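Have the model open beside you and take your time with it.

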Amino acid sequence: MAVVLCASLLATALSGCATSGPSQRLTVTGSTTILPIAELSAEMFDAAHPGVKVLVSGVGSSAGIESVTSGSSDIGTSSRELKGDELKAGLVDSAIAYDAIAVIVNPDNPVKDLSTAQVRGIFTGKIRDWSEVGGPSMPILLVNRDAASGTREAFDKIVLKGATFDPTAAVLPGTGQVRAVVAQAKGSVGYISLGFVTDQVKAVSIDGVAPSPSTVKDGTYPVRRTLHFFTRGQPKGLARQYVDYVLSQVIQKDVIGKAGFTPIGSGK
Amino acid sequence: MTPGNVPIPRPAPHIAESPNIKLTSRSTYLKERFLRYLFAAAALVAVLGVLLIFFFVGIRGWPIFQKVGVWDFLTGMVWAPTATPPQYGIFPMLFGSFVVMAGALVLGAPLAIGTAIFLSEIASPKVRSVVRPAVELLAGVPSVVFGFFGLLVLRPFLAAGSGTLGLGLMAGWLILAIMVVPTIATLTEDALDSVSGGVREASYAMGATTWQTIYKVLVPSARVGIIDAIILGMGRAIGETMAVLMVIGNAPVIPKGLFAPFSTITTQIVIDMSYATGDHRTALFGMAIVLFAISMLFVAAVRLVSRLFGAED
């Protein structure tokens, strides 16, 4: 990573000169969530554009925003919105994908809809029985992800808003395990990326909105975050080409869709 | 390690230098020398490995004891390394490790000892030739396969039967009980086999039945070996990680029942190590030190048992 970072700093420093090397360089720095998308897109972009090298590094969303603001990278990637002073830095947002999280229950559970407050109550351990949220009288069995999970981090930020998870919840180290366990235990509830929901489990509506590509896209489904590319001013030149490439059908369908994210679908 | 055995005389290690033996040539002499150093080096690598791991883990983990205090670290009830302020209490995991080990042994040891007695005393050679490889094969099954089996086959049964997630002590016990069988059975069988044939014949000659011979003569004669086998089984159970991780739910709390998620020291290290930094990481090394201490206790226990009970026979 340090090497990539040095290389990116060097590349930016040299980008003032017209003939700085045999190739054009574009540096993309930021979110580790977006890293797989950005890296795969970069490889395919490089292959399609001879003489171009896209340098990608994952240092976290905040560092990415900082890096594009200070001019040390061309694109800053972020899995969170801008806040505070960052809003005044003149950054232009290109949304590239959504990461929607579905709250899943066992298909035999009659509960179909929960409010955000109820989901928060359930995962913090305040609501302990399904009868409290309009279901049958049976204990709620919580399934959580491990703390290293990006899905957990996002769910924590969007739904729990700083409250702590119930420590007695089962902690499973993978989306597949969460789905398998929820599929077979009647009172269970968990959360996984929308892309991984199958018939084995039931995704409940949140605040009356069922998660689907369209409700995720129009923003009515609340448990989602947007993945951003930030540029200083409108993206120009190579940055423009790269952003457009990530928004193209090839990347949106084959890379973003397969990685479990929701395509933004504005195939420009 | 087993009592009642006449030690087989072995050639003394210095025989190559003994004046009675004239080595035929210089090249043979050098070859012998070289092999001695080679084997010494092999043994040294193992010792060096243990020492390196011990010092590395010790240096990395020690600061947490100074920061939190050994007692508070061991008896603290809350494991919340990412909270503000962070809390590093490993008692729930310590409890989990010991309880899952104890239950697995209660279920697994009788099964294993029964298997060993069957193989050593009862089974015909034909049956033995099928059962013994099966038990040995069980030892070779990777633990992640046990875990996978536990998660996808055993757990749904427990979930349906108990109305819970199925993750917890019961699932851990059942999986670990199967996993300790080969360790305990193989060592117990060795212990029974090493009881000299004369003892067995004497018992039968006195008119004892097979059962009487087994429980009055053979098992008492082999008891040191059997206790050693159980202690080594304990080591296997407490150190097991992957299989347990997949079936216990990994909640760092004292479980509220046989079907409630809990965590052990080993599984908590695996769950946390991918993202732990700073004091949290140090605390994980601290947990590794605790594990080291537990294994050392087990090894010491094996030696103590051999010395205490082995001497009187």
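Let's begin with Ile238(B), which sits in helix α9 (residues 223-239) of chain B; helices (H or I, at least four residues) and strands (E, at least two) are DSSP runs, numbered from the N terminus. A quick word on bookkeeping: residues count from 1 along each chain as its sequence is written, while chains are lettered from A and ligands numbered from 1 in the order in which they are written. This is a predicted model, where local features need pLDDT of at least 70 and side-chain atom pairs count only at pLDDT 80 or more, though totals for chains, interfaces and linings use all residues.

Is Ile238(B) buried or exposed? Ile238(B) is buried, with 24 other C-beta atoms within 10 Å. The cut-offs are these: 20 or more other C-beta atoms within 10 Å of a residue's own make it buried, 12 or fewer make it exposed, and anything in between is partly exposed, with C-beta atoms placed from the backbone. Ile238(B) touches Ser97(B), Met101(B) and Ile294(B), leaving out residues up to four places away in sequence; a contact means that C-beta atoms, placed from the backbone, lie within 7 Å. Val100(B) is 138 residues away along the chain, yet its C-alpha atom is 7.8 Å from that of Ile238(B).

Now hop over to chain A and find strand β6 (residues 141-145), where 5 of the 5 residues are buried, so the strand is largely enclosed by the rest of the structure. In a regular strand the side chains alternate between the two faces of the sheet. Here Leu141(A), Val143(A) and Arg145(A) cover one side, Leu142(A) and Asn144(A) the other, and all are buried.

What does β6(A) pair with? Strands pair if DSSP finds at least two bridges between them. β6(A) runs parallel to strand β8 (residues 188-193) of chain A, with 2 bridges, and Leu142(A) stands opposite Val189(A) there. Strand β7 (residues 170-172) of chain A is also parallel to β6(A), through 3 bridges, and Asn144(A) has Val171(A) as its bridge partner.

Helix α6 (residues 175-184) of chain A has buried residues too, including Val178(A), Arg179(A) and Val182(A). The buried residues of α6(A) pack against β4 (91-105), β6, β7 and β8 of chain A, along with α5 of chain B.

That brings us to where the chains meet. The contact takes 21 residues from chain B and 20 residues from chain A. On chain B's side, helix α5 (residues 143-162) gives the most, with 4 residues. That side has 14 nonpolar, 7 polar and no charged residues, where Ala, Val, Leu, Ile, Met, Phe, Trp, Tyr, Cys and Pro count as nonpolar, Asp, Glu, Lys and Arg as charged, and the others, Gly among them, as polar.

Of its 121 residues, Val103(A), Val143(A), Leu176(B), Val180(B) and Ile184(B) touch the most other members. Helix α6 (residues 169-193) of chain B gives the most to this core, with 17 residues. Domain 1 (25-98 + 226-263) and domain 2 (100-224) of chain A, with bounds from an automatic or database domain assignment, both give residues to the core, so it lies between them.

Technical notes:
Contact = placed C-beta atoms within 7 Å. Core = buried A, V, L, I, M, F, W, Y, C linked by C-beta atoms within 7 Å.
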